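Work through the exercises below with the sequence and the model open. Each task is followed by its solution in steps.

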Amino acid sequence: MTLRSWARLALGMPSFVRTGQIGDGREAACAAFVEATAPPGDIDAALTAIDTFARREAMLVNIGDEKGPLLDAAVRRAAPRLVLELGTYCGYSALRIARAAPAARVVSVEFSAANADVARRIWSHAGVAGSVTCVVGTIGDGGRTLAALADDHGVTAGSVDVLFIDHDKNAYLSDLRTILDRGWLHPGSVVVADNVRLPGAPGYRAYMRRHEGTRWRTVEHKTHVEYQSVLPDLVLESEYLGS
Ligand SMILES: C[S@@+](CC[C@H](N)C(=O)[O-])C[C@H]1O[C@@H](n2cnc3c(N)ncnc32)[C@H](O)[C@@H]1O
């Protein structure tokens, strides 16, 4: 990625925090790129197209092709029936999850309706729309999204085998606690969290360290921020041991 591309990304960050999009139309352009360059029904080709777009056209905040295999491996190990994701963006990580666990249902929560549209276009093109769903909302909206997940998407006690947390870094821990309070995880559920070093979720990391060996068993994967090899990042993979 060029310096110019990083500068454009940095300028778009205030918009991203407010709206979930960088503000220059790159997310919709990514969906158009996938539709134009990847054969329909080909998950590998759709993922390659998104990575190519992010490296060549405009940086995207997907988990990306270095950290993505960590997520793939965690999902494969868990062999899930139901995966809950927080933070859909363009649908890239959900696509990786669907590829790693073809028999699973993937329910992804995203506060931006525009991002949900982008992700649905890409999932539909890649042929996974039957198993991957986006719920527009946020865990912290006073119960509306929690109710939608439970009532409309079958997210019930002990049903979530994998939780992927990749949304507002300040909400990682509070949203995990909300999900634990609902009883949606079971002993053996796996929680994967991206960007724990950068932008950083220090409270989440401290919580996992505090409960290591009692409520959680965590592996900290040292890696890099998406689509470059300089800035360090951490992906945390935590097995829930029960309360
Ligand atoms: C880093 S991106 C997710 C990337 C995606 N998981 C991937 O790897 O392809 C974060 C996304 O979370 C969304 N988001 C931010 N805060 C949120 C919240 N509190 N609830 C739901 N979605 C949120 C943003 O709009 C953005 O689309």
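**Exercise 1: strand pairing**

In strand 7, Glu237 is the bridge partner of Val192. The model is predicted, with local features needing pLDDT of at least 70 and side-chain atom pairs counting only at pLDDT 80 or more, while totals for chains, interfaces and linings use all residues. Residues are numbered from 1 along each chain as its sequence is written, and side-chain values use heavy atoms, leaving out hydrogens and water.

Task: state in which sense strand 5 pairs with strand 7, and with strand 4.

Step 1. Strand 5 and strand 7 (residues 232-240) are antiparallel, with four bridges. Strands are DSSP runs of E with at least two residues, helices runs of H or I with at least four, both numbered from the N terminus; two strands pair if DSSP finds at least two bridges between them.

Step 2. Strand 4 (residues 160-165) and strand 5 (residues 185-193) run parallel, joined by five bridges. Leu163 lies opposite Val191 of strand 5.

**Exercise 2: helix packing**

Task: find how helix 3 and helix 5 are oriented, and which residues meet.

Step 1. The axes (lines fitted to C-alpha atoms over the stretch in contact, with angles from 0 to 180 degrees between N-to-C directions) of helix 3 (residues 43-56) and helix 5 (residues 92-100) come within 10 Å and cross at roughly 150°. Helix 3 is therefore roughly antiparallel to helix 5, a label for angles over 145 degrees.

Step 2. Ile43, Asp44, Ala46, Leu47, Ile50 and Asp51 in helix 3 meet Tyr92, Leu95, Arg96 and Arg99 in helix 5, contact meaning heavy atoms within 4.5 Å.

How values were computed
Parallel < 35°, antiparallel > 145°, perpendicular 65-115°, else oblique.
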